[in-house]
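Hi everyone, thanks for coming. Have a look at the model on the screen, and I'll walk you through a few places in it.

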Amino acid sequence: MRNTVNDTTTLENPVEIEKQRWEQTTVAKVNQKFPELKAQFTTSSGLPVDRLYVPEGADVATVNNYLTKLGFPGEYPFTRGVQPTMYRGRLWTMRQYAGFGDATEANQRYKYLLAKGATGLSVAFDLPTQIGYDSDATIARGEVGRVGVAISTLSDMERLFDGIPLDKVSTSMTINSTAAILLAMYIAVAEKQGVSPAALTGTIQNDILKEYFARGTYRFPPKPSLRLISDIFAYCVSHVPKWNTISISGYHIREAGSTAAQEIGFTLADAICYIDTALKAGLKVDEFAPQLAFFFACHTDVLEEVAKFRAARRLYARIMKERFGAQDPKSMMLRFHTQTGGVTLTAQQPDNNVVRVALQTFAAICGGTQSLHTNSKDEALALPTEESVRLALRTQQIVAYESGLINTIDPLAGSYYLEDLTDRLEAEAENLIKTIDEMGGMVAAIEKGYPQSEIEKAAYAYGRSIATGERVIVGVNQFTETEETRFQIFSVPEEVERRQLESLTATKAARDASQVAAALAALEKAAQGTDNLMPFILDAVRLNVSIGEICHTLETVFGEYSENSI
Amino acid sequence: MSEENIPKRILIGKVGLDGHHRGAKYVTNILRAAGYEVIYTGIRKSPEQIVASAIQEDVAMIGLSFLSGAHLPLFHQVVDLLKAQDADDIILVGGGVIPPDDLAALKAMGVAEVFTPGVADQNIIEKVAALLKD
C-alpha cells in the first residue's frame, strides 16, 4: 500500500510492521467501500501528509506500550479513533441542536440549517414534550415552545419534518423519558413518507439515568424507565436496525459541574447499567451494543479534552471486551457526538465565546468525534439568533476545510503530556466505576445521592475558583469592560403557545374517541405485563393519541418519580 | 443578619419543568457559607408549592432560578400567589439565563434583583444582605 523510501527501515520496527498490516487489512477494506476524500493529502504548503504517524523507536518498551495502549484506528482498543481512515474518509457530521416554537417554525429553521450546509438534524423539544405533557396541560403553562419545539401528537411531528425526506437525513433527538413515543412518531412519519423504518438513521438520547442526577427530565421511576429502554433496544434490533438506540451522555453531567474524569466515569457507569438491563432482558451483547452511542461535552482546556475522548474510547473498549465478553469489534467502539461546553460561554463580551468555541472545536476534532454541535456566542443570554448559529456552523467548516487537522488521524498522539493525561483520566474514571460497582451499580448510587453530591462538590469548587480569581475567565473576573455591547437577542414569539394550543385542540377533536380509548387500554394492559411496549405505543401514535395521554396511562402503572429535595 | 444573631432564612427554588440546577445549588451553597439558613426546594416545583413552603418555612426571601425562558409567566404566578396569600413582604430575587430585555419587566413585577451569568459571588452576597437588612 505505502511506497515510501522508509520501507526498508520500516521492517526493523515492529510498530511499522504492524502499521503495514493495518494498512493492508483494516484500511484497505474500508477504502474499497468508502475511498478517502483525496488521493494525496498535503499540508497547506504542499508537504505530503501520511495517514497515521507512529513512534520511530523500536525498543521493546516503546513497541509494547504503543501496541497495547494506542494501537491503530478502527482496531481495539480504539484509542486513536473508531474509523480506520477517520476524517480522510468522511468528515464528521455537523449537527446543530435546534428547535423552538411550534412544528412549523422549527421546520423552517431545519430547512435553513440544511441549506447552509448542516449535514444532520438535531431536534430540541420543549420541556412539556420531554417530560410527557401535552401543550394544553396546566403544568405546561409558560413552557410551550421555549427550549425546543412542542410536539404533542403525530400531526405535530408530520409538520416538523414536512419536506424533509427521512431516508436522506440523519436525525438526532434529545429525548429521554419519552423517547419511545417520539421514536414511534418518527417511524410513523417515515411510513407516511413511504420510507421503510429499516432505512432510518439517527439517534435518540434515551439516556434516563443521567436525568435523575444531572438533567432533570425524568417522569417514571428508574426500573420501568429501564424497561422502556430495553424494549426500544429489542424493537430496533428487528425493525430499525441502523438507528442509534441510545446516546449515553456525559454532556449534561459535565454541564452540571463534573470534572472531565467524572464525565467519563459516570457516563460509562450509566452504560454498564443499560447493558446489564438489556442482557437481563435476554438480548445478546453483540446484537445491540453496536448501536450504542455516546455524547460528550468539550471544554476549553484543549489537551485535557483530547485526552478525555481518547481515554473514554480505550476504557469502554476494555469494558466491552473484558467485562461483557463482546466479540464484535463494533460492540467495543465508543462512537460519540460532541457539543461545545454551554457553561463555558459568558454573558459578558459575548464575542469572546466565538474564540472559546473554536478552541473547543479544535479539541473535539483532535479527539476524534463523529459529530459536533458548536454553540453560538449568545447562548448565555438566550436562544441563539439565526446569524449566530450560522457563525457557529462556519467555525466547524473552517476547522474542517482550512486547518489541515483532518489530514492525519489522531494528530496529537505521542505527546508525552497528552499520553500521560489520557492514562490518568482513564485510571480516575475506572476508579469511579469501581466505587459505583461496589455500591451495587448506578441505580443504587443515584438512590444514595452519590453522583449528585460528587458533581455538586466539583461545581462548587469550580465556582469558588472563579470567585477567588484563581481561575481566570476573560471578561468575567479579569479584562472586564464596564459597557456591555447590546446586540440582537432571539426570543420565541408570544403567539406560539396560542397557535400550538389551537392546532392541538383541532387534532384531538378530529379523532375517533373509541379508537383512542382502545389503544390506551391495550397499552395499559401491556405495561402491566412484560410485552415489548413499542408496538403498542406505535399503534397509539398512529391514531394521534397524544404524548400526554400515553404518559398518563403509563404513569398509572409505573408511578411517577420525584426528586428528594435537600 | 447579625441583628439578634438570628439568621434570616432564604428559600432557593426551581419552578416549572426546568432541570438546570447547577446555579441554584451553587447559590444555595455560597449563601450557606455566608451564614444564611437556606432551603433548596429541588427541581420541578409548581408556583403553589414554592409559595406554600416559603410561608411554612417563614423565609424572608425567595430566590428562583430559570434557564428555560419561562421566567416571565412563572414569576408572575409566584407574585400573584404571594399577594393573594398576604405574603408579599417576602423579598423575591431571580437568577439564570435571563435576557437583558426582560430585566425591566421582572423589576416592575416586584422582583428585587436578578443575577445573571457571570455575576460575582461577593456581589450576590452583598446584594442579598442589603435586601434583607431593609
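This is a predicted model: local features need pLDDT of at least 70, side-chain atom pairs count only at pLDDT 80 or more; totals for chains, interfaces and linings use all residues.

Residues are numbered from 1 along each chain as its sequence is written, chains are lettered from A and ligands numbered from 1 in the order written, and side-chain values use heavy atoms, with hydrogens and water left out.

Back to that pair. Helix 20 covers residues 513-528 of chain A and helix 21 covers residues 534-542, and they pack at about 165° with their axes 9 Å apart. Helices here are DSSP runs of H or I with at least four residues, strands are E runs of at least two, and both are numbered from the N terminus. The axes are lines fitted to C-alpha atoms, for helices over the stretch in contact, with angles from 0 to 180 degrees between N-to-C directions.

Helix 20 of chain A passes helix 21 of chain A in a left-handed crossing, meaning that the near helix is turned anticlockwise from the far one by less than a right angle, while clockwise would be right-handed. Which residues of these two helices meet? From helix 20 of chain A they are A:Ala519, A:Ala522, A:Leu523 and A:Ala526, and from helix 21 of chain A they are A:Phe536, A:Ile537 and A:Ala540, where contact means heavy atoms within 4.5 Å. That contact has 7 nonpolar, no polar and no charged residues. For the classes, Ala, Val, Leu, Ile, Met, Phe, Trp, Tyr, Cys and Pro count as nonpolar, Asp, Glu, Lys and Arg as charged, and the others, Gly among them, as polar.

Now please turn to helix 13 (residues 302-323) of chain A, which packs against helix 16 of chain A at about 50°, the axes being 8 Å apart. That angle makes the two helices oblique to each other. Their crossing is right-handed. The contact residues include A:Arg310 and A:Arg314 of helix 13 and A:Glu426 and A:Glu430 of helix 16. By class, this contact divides into 12 nonpolar, 1 polar and 11 charged residues.

Over in chain B, helix 1 (residues 22-33) and helix 5 (residues 121-133) have axes that come within 10 Å and cross at roughly 65°. That makes helix 1 of chain B roughly perpendicular to helix 5 of chain B, and the crossing is right-handed. Among the residues that meet are B:Tyr26 and B:Ile30 in helix 1 and B:Ile124 and B:Val128 in helix 5.

B:Tyr26 turns up again in the lining of the largest cavity, along with A:Phe213, A:Tyr460 and B:His21, among others. Helix 18 of chain A gives the largest share of that lining, 5 residues. By class, the lining has 6 nonpolar, 3 polar and 3 charged residues.

Lastly, two backbone spots. The peptide bond from A:Tyr76 to A:Pro77 is cis, with omega near 0°, and A:Pro77 lies in the loop between helix 3 and strand 1 of chain A. A:Asp410 has a positive phi of about 50° although it is not a glycine.

Conventions
Angles under 35 degrees count as roughly parallel, over 145 as roughly antiparallel, 65 to 115 as roughly perpendicular and the rest as oblique. On a 1 Å grid over the protein atoms alone, a cavity is a set of points where a 1.4 Å probe fits but cannot get out, and a pocket is an open set with protein on both sides within 12 Å along at least five of seven lines; lining residues have an atom within 4 Å of a point.
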